[in-house]
Amino acid sequence: MIDPNIQVCRTGIIKKDEVMKIEKTLYFAYGSNMNRNQMAFRCPDAEPIQTVRLEGYRLEFCANGGGNGVATVLPDPGSHVDGVLWRISDRDENHLNHYEGYPYLYGKEMVTVTDQNGNRMEVMAYTMNRPYRDSPALPSRTYLEGILNGCRQNGIPTRPILETVQRIQNQLPNEQKAYDKGFRRKNRREPEWR
C-alpha cells in the first residue's frame with residue numbers, strides 16, 4: 001500500500017509535510033555550454049533564460065592540460081563576450097563542476113552580465129585558473145563546432161568565436177596551426193545580435 005504522506009520525486013522520496021527546497025543558480029555560459037543539446041545531456045534540469053553580454057572580458061581558448069584549447073573569459077577593458085544565461089539546479093551545478101574540472105582547471109566567480117534590455121544581473125561563471133589560462137591553444141574541431149552550434153541555436157554571432165581562433169592561430173608556432181580557410185569560409189554566415 002502506498003503511504004499518502006510520502007511523495008516520490010526525481011531526486012528521491014520526501015514526506016508530504018516537508019518543504020522541498022530546490023536551489024537554482026543563474027549561470028553564464030560562453031563556450032560549449034551554450035549548446036542546448038550538450039546542456040540537456042550534462043544538466044537535465046537547466047533552463048535557458050536568454051542571451052546576455054559580459055562587458056570588460058574577452059573570449060580566449062587556453063590549454064586544458066591535454067593539448068587542446070578550451071574556452072575561458074579573461075578581463076579585457078573595452079571587450080565583451082556574448083553568451084547564454086541558464087537557470088541551473090544544485091544537481092546541474094555538481095555535474096558542471098565535474099565537467100569543468102572545478103576547482104583545478106576552472107574556478108567560479110560572480111560576474112555582471114547585461115541582457116538585451118540593458119538590465120544588469122550578477123551571475124556565476126566558470127573562469128580558467130592559472131597556469132592553464134596563461135597558455136593559448138587551439139580548440140579541437142569537435143569542441144569548436146559544438147560552440148558554433150550553440151551560438152546558432154541561441155542567435156549569437158559566430159564571428160567573435162572564429163576571430164578568437166584566428167588570433168590564437170596567428171600567435172602559435174607553425175606546427176601548431178591546424179585550421180584551414182575552408183573551415184572559416186563554411187562558418188562565415190552568422191546571426192547578428194545588437
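Mentor: Buried means under 20% relative accessible area, exposed means over 50%, and partly exposed lies in between, using a 1.4 Å probe and protein chains only. This is a predicted model, where local features need pLDDT of at least 70 and side-chain atom pairs count only at pLDDT 80 or more, while totals for chains, interfaces and linings use all residues. Residues are numbered from 1 along each chain as its sequence is written, and side-chain values use heavy atoms, leaving out hydrogens and water.

Trainee: OK, cysteine 43: buried or exposed?

Mentor: Buried, because its relative accessible area is 1%. Cysteine 151 is buried too, at 0%.

Trainee: Which residues of α3 are buried?

Mentor: Cys151 is one of them, and the others are Tyr143, Leu144, Glu145, Gly146, Ile147, Leu148, Gly150 and Asn154. Helices here are DSSP runs of H or I with at least four residues, strands are runs of E with at least two, and both are numbered from the N terminus.

Trainee: And how far does α3 reach?

Mentor: Its 14 residues, 141–154, span 20 Å from first C-alpha to last, close to the expected 20 Å. That expected span is 1.5 Å times one less than the number of residues. Just after α3, glycine 155 has a positive phi of about 70 degrees.

Trainee: Switching to strands: which way do β6 and β7 run?

Mentor: Antiparallel, with nine bridges joining β6 to β7 (residues 120–128). Strands count as paired if DSSP finds at least two bridges between them. Glutamate 109 sits opposite alanine 125 in β7. The hairpin has four residues between the strands, and glycine 118 there takes a positive phi near 90 degrees.

Trainee: What about β4 and β6?

Mentor: β4 (residues 47–63) and β6 (residues 106–115) are also antiparallel, over three bridges. Leucine 54 has valine 113 as its bridge partner in β6.

Trainee: What is threonine 112 in contact with?

Mentor: Setting aside neighbours within four places in sequence, Arg53, Leu54, Arg120, Met121 and Glu122. Contact means heavy atoms within 4.5 Å. Threonine 112 is in β6 and is partly exposed, because its relative accessible area is 31%.

Trainee: Last one: which residues have the most contacts inside the largest nonpolar core?

Mentor: Tyr27, Phe28 and Phe61, in a core of 45 residues. The largest share of this core, eight residues, comes from β5. A nonpolar core is a set of buried Ala, Val, Leu, Ile, Met, Phe, Trp, Tyr and Cys residues joined through side-chain atoms within 4.5 Å.
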